[in-house]
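I set out to look up the cavities, the open pocket, the charged pairs and the ring pairs in this structure. My entries follow in the order in which I went through them.

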Amino acid sequence: MASIGVLGAGRVGSNLARALAAAGHQVTLGVRESEQTVEGAGIGYADHAATARAADVVINATPGDSALERLTALRAELAGKILVDVSNATIDGADGLPGDLCYPGSSLAEQLQAALPGTHVVKTLNTMLFMVMTAPGALSIPPTAYLSGNDVQAKKTVAGLLGDLGWQPAWIEDLGDIVTARATEAMILVVPHVLRRNGFTSFAVSLAR
Ligand SMILES: NC(=O)c1ccc[n+]([C@@H]2O[C@H](COP(=O)([O-])OP(=O)(O)OC[C@H]3O[C@@H](n4cnc5c(N)ncnc54)[C@H](OP(=O)(O)O)[C@@H]3O)[C@@H](O)[C@H]2O)c1
């Protein structure tokens, strides 16, 4: 059982918190308003700093375009921890869907790792709609969960958590160090086009073999 802090109680954060608590982990959801709760048993609530301080693994499920500044301010709380970044750092187009990358030629994950040298940043799960993260077996074709990060042990820990969410080992693709996140972060560029054509139905940007 791991002590997990999830920053952000939106669609992604509350979905992950529920599923990880149901899998038996000790989960705290980092919220901005103290009265905020989500459906699901066994979830604790705290502000973002207290959530990061108490956890061994911290998941960033807040908007990616402002995450660098927000998480850098939590440098002390995140020291020695695994930071799982599932966010997408994008500039919205006129219709509110992602239109461009905030860090072309780099990635949010690389920026986070540079700003937080004492933290093991692992990028994953940003390449799918939120419902796929906790129910990968529900798609007709096995989806892919990419992993990017410099620390092999941290990626093993995160792969274990993915297993608890229903991800089979064959569906998890460790791409290498944190620089590889610039490829998976760029995959967000296909997402708005798929959503416009097909609506908000489950999909993941995956490898077919
Ligand atoms: N939705 C998806 O299918 C999907 C898939 C892959 C990746 N992602 C990425 O996952 C992240 C979360 O997406 P989402 O769909 O869950 O978004 P969302 O439903 O809008 O939730 C965002 C969460 O971040 C919090 N937040 C916003 N601004 C904040 C700030 N300045 N300080 C602290 N907390 C702040 C919000 O808190 P309040 O409730 O207090 O406003 C909310 O809990 C984004 O980076 C997104 O790109 C989303």
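**Cavities**

I began with the second largest cavity, for which I noted a volume of about 50 Å³. For cavities and pockets I worked on a 1 Å grid over the protein atoms alone, a cavity being a set of points where a 1.4 Å probe fits but cannot get out, a pocket an open set with protein on both sides within 12 Å along at least five of seven lines, and a lining residue one with an atom within 4 Å of a point. Grid points are joined across faces, edges and corners, and a volume is the space filled by probe spheres set on the points.

This is a predicted model, in which local features need pLDDT of at least 70 and side-chain atom pairs count only at pLDDT 80 or more, while totals for chains, interfaces and linings use all residues. Residues are numbered from 1 along each chain as its sequence is written, and side-chain values use heavy atoms, with hydrogens and water left out.

The lining of the second largest cavity includes Asn 88, Ala 89, Thr 90, Tyr 103, Glu 185 and Ile 188. I sorted this lining into seven nonpolar, four polar and one charged residues, where Ala, Val, Leu, Ile, Met, Phe, Trp, Tyr, Cys and Pro count as nonpolar, Asp, Glu, Lys and Arg as charged, and the others, Gly among them, as polar.

Searching the whole structure, I found two cavities of 30 Å³ or more. The largest cavity has a volume of about 90 Å³, and among the residues that line it are Leu 16, Leu 20, Ile 59, Val 84, Val 86, Thr 124 and Leu 165. Helices α1 and α7 (152–164) are the elements that give two or more residues to this lining, and α7 gives the most, with three residues; I took helices (H or I, at least four residues) and strands (E, at least two) as DSSP runs, numbered from the N terminus. By class, the lining of the largest cavity has 10 nonpolar, one polar and no charged residues.

**Largest pocket**

I then turned to the largest pocket, which has a volume of about 1,000 Å³. It is lined by 38 residues, of which Arg 11, Val 12, Thr 62, Pro 63 and Asn 88 are the closest to its centre. The elements that give two or more residues to its lining are α1, β6 (90–92), α6 (130–133) and α9. I recorded the classes of this lining as 19 nonpolar, 14 polar and five charged.

**Salt bridges**

How many salt bridges does the structure hold? I noted seven, with a salt bridge taken as a side-chain nitrogen of Lys or Arg within 4 Å of a carboxyl oxygen of Asp or Glu.

In one of them Glu 77 meets Arg 53 at 3.6 Å, N to O. Because Glu 77 lies in helix α4 (residues 75–78) and Arg 53 in helix α2 (residues 48–54), the pair ties together parts that are 24 residues apart in sequence. Glu 77 is buried at a relative accessible area of 17%, whereas Arg 53 is exposed at 52%; buried means under 20% relative accessible area, exposed over 50%, and partly exposed in between (1.4 Å probe, protein chains only).

Asp 85 and Lys 123 form another salt bridge, at 2.6 Å, N to O. This pair links distant parts of the chain, with Asp 85 in strand β5 (residues 82–85) and Lys 123 in strand β8 (residues 120–123), 38 residues apart. Asp 85 is buried, with a relative accessible area of 0%, and Lys 123 counts as buried at 1%. I also found Asp 85, Lys 123 and Glu 185 linked in a network of salt bridges.

**Ring pairs**

Which rings pair, I asked next, and I counted two aromatic pairs, rings of Phe, Tyr and Trp (its six-membered ring) being paired if their centres lie within 6.5 Å, with planes under 30 degrees apart counted as stacked, over 60 as edge-to-face and the rest as tilted. Phe 130 is in helix α6 and Phe 200 in the segment after α9, 70 residues apart. Phe 130 is partly exposed at 21% relative accessibility, and Phe 200 is partly exposed at 47%.

The rings of Trp 167 and Trp 171 have their centres 6.3 Å apart and their planes at 85°, so this pair is edge-to-face. Trp 167 and Trp 171 are both buried.
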